[in-house]
Amino acid sequence: MKRSIRTKRTLRATALSAGVLALALALPNAPALADEPAPAPRVDLRVLILSDGGPATSAIAAELDGAGTPYTLVNLLDTGRPVINAAFLADTVDGRPRAKYQAVVLPNDSPFGSGSYEMTALADYEKTYAIPQVDAYTYPRPQAGLQTPVPISGGYSGTLDGLQAQVTTAGKSGAFGYLDGAVPFEDNSPTVSESYGYLARPAVGADYTSYVDAQVPGTTTRGSLVGEYRHDNRRELVVTFAYSQYQQQFRLLARGIVDWMTQGVRLGASRNYFAVHVDDVFAADDRWDSTLNCTPGDVDCQPGQGTSDPIRMTVDDVRNAATWSEQRNFKIDMAYNGGGSDEYRDEHDNTDATADEFIAKRADFRWLNHTYDHSFLGCEQDVTVVPWKCATNPDGSTRYVSQSFISHQISDNQQWGEQAGLPLEADELVTGEHSGLKLSPQQPNDNPNLAPALAANNIAWLGSDMSRDPSQRPVGPALTVARYPINIFYNAGHVAEQVDEYNWLYTSRAQGGSGICEDLANTTCLDAPLDTATGYDDYIVPLETRIALSHVLANDPRPHFMHQSNLAEDRIGYPVLDGVLNTYEGLYAANTPLVNLRMKDIGKELSKRAVWDTAVKNGTANAYRIGDAVTVNAPTGLDVTATMPTGSVRDLPAGPTAFGQPYAGTVSGWATPTAGSGGITLSLPPALAPLATAPRGSTAHGAEHAPVRIAPRTPVPAALLRPMAVVGH
């Protein structure tokens, strides 16, 4: 086992009746010092989650999963579960006391009942090793540091839909300092109660500090939703509202909950990412026909049906995109088809002012190879029927587009971009419609000619459709990077077209729609068609903004995509992009910026995460802390990811070097162990205080009620709150 070069240090510790020593970071009111110093305890960087199967503990587990933070989950409903006792929680390693878990998450403040053997064991463990406890969702009562939520005590219980909560001064100075202040609760449906919880004041005499509060309806009093209760040499984070992992209010607070319970010292890391690809640049997109309910020129119309009326960006649209990018300080990735410009020049006396303007402003954007002329690169399509099908050979086998054709589509577009001076990364590719990759139901397998064509062109990163092919997987030498489709259609340049097609897809046959929403199990139908004048701004934009923002707040780096048609004519793409950026800026502090990566960097991040997650789950990557030294054990070649307090350094043979990059009030990032080292060692800032420590809360005075044990109300199942499935190009 690897040992930190700093573990020989000893820290003065407090004597406890059991003879086990508290951490140097013990609570201020710990017992007096012993005569003889002893080894500081080792605390493993792993979280213990005791779950009752409810959504609150599941949400915290999902947050740890997403960050790559190790945890052990015990299902309290499982009759074969381990007993929570001293031996389960702690032991001794090499003569040093070891705490097996750095934090404990409970479904509520006392899941075993007051005075139970297991609750007593947990309390003793937390006191001995200064281990924080999170009450994932609990009823306010004096045992949790709060008055019961009745009007006489200035409390409230009931729905919290649309509540405007706020991070307090204490919260901003501690673990929730990455937020700007506002914590709005979702209210997505006027007919569904989405959130339930309690607002309560501190109990009389309780040492309680509120980190997130809100005004009690009908009063000027503010009640706590999240706060720290200090008692009996223990620290609890008390949460008094119900949530699921998908709800915005939890997503906003999840980082702070984890930072509080780990003191910002943990394996794993998270960021808020947002990247946007705009496909078909230099080409034109076919237009939706509101009479035919299909797209003339594309495969959803019968051959020869309707008249093609393509949508293509103009010079003014290009200038607007560049100005928008500069003003928002946000780079758009332009996925280009050079053949679209060549075709336009052939038809317009060798002129293409739009392409010329794009090329002149090429430094304002990032660029992606989207193939030369957007050809379909999977099976050869038989478009004599709707929906189309794969053409077949005489023996009945699928007829595929050739390797040579695919290779030319890649290389010709690469050469076009190089000649135009576009700043490219030659190993990135997005095929037209993600073609060549499997596409159900017509083409259940990848085109077998795709992988060798990718190899011939040294492609390492290949865009895929998140709604069809979500997992990162190898295709020859390349790894896929799934992209989220924003549900703004490729064949819509005007608001009215977008709403009309939306109504066709998402209303029932009885309402005049296609009925597709009735046929697909993962799609819901609109109650009634949207108004073509107001439906876009009132319904589609808020919905797509909320969906995209949910990805941003979930530590998900995968990009989103729309089409050049959406930046033309009515420029219908911008309201969603502005909605995401404006909402984000209103919620997060300046120390937590959006991270905007290009596709290959997103692919690398996803790839490293997959390897890391496997190592964490099989136990080959682990870590522990002794005083201000952190030791990470990891196999050779494994990139390690961790989050540490600002000022942490990595110990190297050549001397200490700063660890990670600043983000959200901590530092985090990836580090590669040196050859033969077996891991990495980190030194925390001297005399580090627990990040969750806050000024002692003021004592609230008022009527004190007898303890009441009331189970918190269960939140609305997340399935009832899911948005409609995306259907589009």
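In this predicted model, the link of C517 and C525 is right-handed, with 100° about the S-S bond. The two sulfur atoms of this disulfide lie 2.0 Å apart.

Another joins C294 to C301, with an S to S distance of 1.8 Å. A value of 90° about the S-S bond makes the link of C294 and C301 right-handed. Here C294 is buried, with a relative accessible area of 3%, and C301 is buried too, at 3% relative accessibility.

The disulfide between C379 and C390 has an S to S distance of 2.1 Å, and with -75° about the S-S bond it is left-handed. C379 sits in the loop between β18 (366-369) and β19 (381-382), while C390 belongs to strand β20 (residues 389-390), so the bond ties together parts that are 11 residues apart in sequence. Both cysteines of this pair, C379 and C390, are buried. When the bonded cysteines of the protein are numbered in sequence order, the pairing reads 1-2, 3-4, 5-6.

Turning to the strands, β5 (residues 96-99) is covered on both faces: R96 and R98 on one side are buried, as are P97 and A99 on the other. Strand β1 (residues 42-44) runs parallel to β5 and is joined to it by two bridges; across this pairing, R42 stands opposite R98. Strand β4 (residues 90-93), by contrast, runs antiparallel to β5, with four bridges between them. Within that pairing, T92 has P97 of β5 as its bridge partner. The hairpin of β4 and β5 has two residues between the strands, and D94 there takes a positive phi near 55°.

Elsewhere, four strands form an open sheet in the order β15-β28-β32-β31, with antiparallel pairing. Its edges are β15 (266-267) and β31 (661-663), each of which pairs on one side only. Two bridges join β15 to strand β28 (residues 640-645) in the antiparallel sense, and R266 stands opposite T643 of β28. Helix α15 (residues 599-617) packs on this sheet, where it touches β15, β28 and β32 (666-671); the direction of the helix makes about 85° with that of β32.

Conventions:
Residues are numbered from 1 along each chain as its sequence is written. This is a predicted model: local features need pLDDT of at least 70, side-chain atom pairs count only at pLDDT 80 or more; totals for chains, interfaces and linings use all residues. Side-chain values use heavy atoms; hydrogens and water are left out. Buried means under 20% relative accessible area, exposed over 50%, partly exposed in between (1.4 Å probe, protein chains only). Two strands pair if DSSP finds at least two bridges between them. Contact means heavy atoms within 4.5 Å. Axes are lines fitted to C-alpha atoms, for helices over the stretch in contact, and angles run from 0 to 180 degrees between N-to-C directions. A disulfide is a pair of cysteine sulfur atoms within 2.5 Å.
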